[in-house]
Every structure is written in structure tokens, then in C-alpha cells.
Amino acid sequence: MDLPLSIVIAESSHRIHNPVDSRKQAELGRGLGLKPGQTMLDLASGSGELLCTWARDFGIGGTGVDISTAFTARAKARAAELGVADRCEFVHGDAAGHVADAPVDIAACIGASWIGGGTAGTVALLEQSLRPGGLMLIGECYWRQDPPDEATVKGCYAETKDSLFSLAGLFDHFDAIGYDVVEMVLADQDSWDRYAAPHWLNIRRWLDENPGHDLAEEMRHKLDVERRNHVRYQRDYLGWGIFALMKR
Ligand code: SAH
């Protein structure tokens, strides 16, 4: 049970595996008014940057669960580096169906809502770990602009045009499943670049160092396709944000 190596290679230098940058993550933490001693469960916690930096900056603690052994190891190292290992735990495992032992103040899934089978399912999963009145954080894609054709839909890795909402449509969806959006940070084109562009150098360096590797051809293809999709489609059409929700 692990994340495919191709993703681990492409994101080997990432601390944040999503298109919101460190400044935006810190702004969100400030906006939420996080308090020392609050607890967070982060499903699909990646390299742990959100939990570790919020633990350092706001005194919260908690647990991250992620299916990648490589990212989980980096999350543990980051917790030690930031001096928060005493209150931040990172566990390797499948987060689908994961429920906290005790209710938490903040329940998050940032950029992996497939673990609950989509937005509504992930909200329902997180709800099982959240204390009444707690904050839920969910990272989601949306159409920043209406995609004009099928090439744009596919270039943004959406199955169909209807598989993503517009931003207003996403708000309506949260409303329909009984949640108030109470805060948010959105990716912009610069923060998208901070996520997408390091893939290119990571893959290129890996290719130079591993020319005969079984994955070399696949990684070359990934580099070409992803780079083109980013500049042709994603940067203009694909929105992404972290939404803070409270149950009505
Ligand atoms: N929340 C992190 C990581 C987002 S990337 C961040 O924002 O930086 C998506 C993450 O989901 C990856 O770290 C991947 O390993 C993890 N993942 C994918 N499927 C998973 C599953 N079933 N259970 C736990 N983690 C999963």
C-alpha cells in the first residue's frame, strides 16, 4: 500500500502537495483563529507541512494519516525540524474510513477527496472525527472559468465538465450538504506555479540520474504532458481552494 513512485519522484521537493503556497496556508491559520492546544486530524497529510507549521505558529497538535511512506517519513522529519514532534504524529496508512479515537477541533482533507468517494463523502467521513462546532477543512478543485471544449476538460484532468463545479456551484453544494463555508484561501496562478513547476525540475533531474530506469519513458511522457497541460489549460481554467466549513 503506497503512492505510485512516479508521483513521489515528481513531488520529491514539495513540502506542500497542493497549489496553495506557504503564505496562504499561514494566512488561513490566522484567519481561523487557531488556539494552542487545539487538535487536528489531517487525512492525506502528505509531507505534513500544514499540521507542522500550524503547530509551530499557533500551538495546535494532532495526527496526519497518509498512504505514502516517503511523504510520511518527510512529515515526521519536518515535525522534528520545527520542534513540534511532541504534539504532531504522522501515521502511514489508508485514510479512507479513518476516524479519530477522540473528536478533534479541526478535521481536514486537503486535496484527496477521493478517499471519501467525492466531496460529500469526504465531508461525511471527516464529520465522524469532528467535535460539535468544530472546523472542517477541505481542499477542492473547481472551474475558474467555464471550460470551452473537451481538450480543456481533459487537460485539467477532469473526467467530464460536470465532474467539477464552478466556485459558486461548489458553495451551493456545501450548502446543500448542510455546511456553511466560513473561511477560504484560493490558489492563484503564482501559487499554482509553485506546485506545478517544481514537478518539471524534479522529473528532469530524476531522468538525468536514472536514464535506463523502467519508469524513464513514463516519466518523460509525464513531464511533457503535465507541463503542456499546466500552461495551456490548468493555469487559466482550474481553480483550487481550501474551504473551512462548519455544520449548520
Ligand atoms: N494534504 C497534503 C497532500 C495532498 S496530495 C498537502 O496538501 O500537502 C494527496 C495526498 O493524498 C498524497 O500525499 C497521497 O499520498 C495521499 N493519499 C492518496 N490516497 C490516499 C489514501 N487512500 N489514504 C491516505 N492518503 C492518501
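A salt bridge is a side-chain nitrogen of Lys or Arg within 4 Å of a carboxyl oxygen of Asp or Glu. This is a predicted model, in which local features need pLDDT of at least 70 and side-chain atom pairs count only at pLDDT 80 or more, while totals for chains, interfaces and linings use all residues. Residues are numbered from 1 along each chain as its sequence is written, and side-chain values use heavy atoms, with hydrogens and water left out.

Q: What makes the pair of Asp 57 and Arg 56 a salt bridge?
A: The closest N and O atoms of Asp 57 and Arg 56 are 2.7 Å apart. The limit is 4 Å, so the pair qualifies. The structure holds 17 salt bridges.

Q: Why does Asp 57 count as partly exposed?
A: The relative accessibility of Asp 57 is 37%. Buried means under 20% relative accessible area and exposed means over 50%, with partly exposed in between (1.4 Å probe, protein chains only). Asp 57 therefore counts as partly exposed.

Q: What places Arg 220 and Asp 224 about one turn of the helix apart?
A: Both lie in helix α9 (residues 216-237), four residues apart. Arg 220 is partly exposed at 36% relative accessibility, and Asp 224 is partly exposed with a relative accessible area of 29%. Elsewhere, salt bridges that share partners join Glu 49, Arg 78 and Glu 81 into one network.

Q: Why is α2 called oblique to α3?
A: Helix α2 (residues 22-32) and helix α3 (residues 49-58) pack at an angle of about 55 degrees, with their axes 10 Å apart. Axes are lines fitted to C-alpha atoms, for helices over the stretch in contact, and angles run from 0 to 180 degrees between N-to-C directions. Angles under 35 degrees count as roughly parallel, over 145 as roughly antiparallel, 65 to 115 as roughly perpendicular and the rest as oblique. The angle of α2 to α3 therefore makes the pair oblique.

Q: Which residues make the contact of α2 and α3?
A: From α2 come Gln 25, Ala 26, Leu 28, Gly 29, Arg 30 and Leu 32, and from α3 come Glu 49, Leu 50, Trp 54 and Phe 58. Contact means heavy atoms within 4.5 Å. By class, the contact of α2 with α3 has six nonpolar, two polar and two charged residues. Here Ala, Val, Leu, Ile, Met, Phe, Trp, Tyr, Cys and Pro count as nonpolar, Asp, Glu, Lys and Arg as charged, and the others, Gly among them, as polar.

Q: What makes α3 and α4 roughly parallel to each other?
A: The axes of α3 and α4 come within 9 Å and cross at roughly 10 degrees. The pair is therefore roughly parallel. Their contact is made by Glu 49, Cys 52 and Thr 53 of α3 and Ala 75, Arg 78 and Ala 79 of α4. Three of these residues are nonpolar, one is polar and two are charged.

Q: What makes α3 mostly covered?
A: Eight of the 10 residues of α3 are buried. Those residues are Glu 49, Leu 50, Leu 51, Cys 52, Thr 53, Trp 54, Ala 55 and Phe 58. After α3 comes Gly 59, whose phi is positive, near 80 degrees.

Q: Is Thr 119 buried or exposed?
A: Thr 119 has a relative accessible area of 13%, so it is buried. Thr 119 is found in helix α5 (residues 119-127). Not counting residues up to four places away in sequence, Thr 119 touches Ser 113, Ile 138, Glu 140, His 173 and Phe 174.

Q: Why does Thr 69 count as partly exposed?
A: Thr 69 has 39% relative accessibility and so counts as partly exposed. Thr 69 lies in helix α4 (residues 69-81). Leaving aside neighbours within four places in sequence, Thr 69 is in contact with Asp 2 and His 92.

Conventions:
Helices (H or I, at least four residues) and strands (E, at least two) are DSSP runs, numbered from the N terminus.
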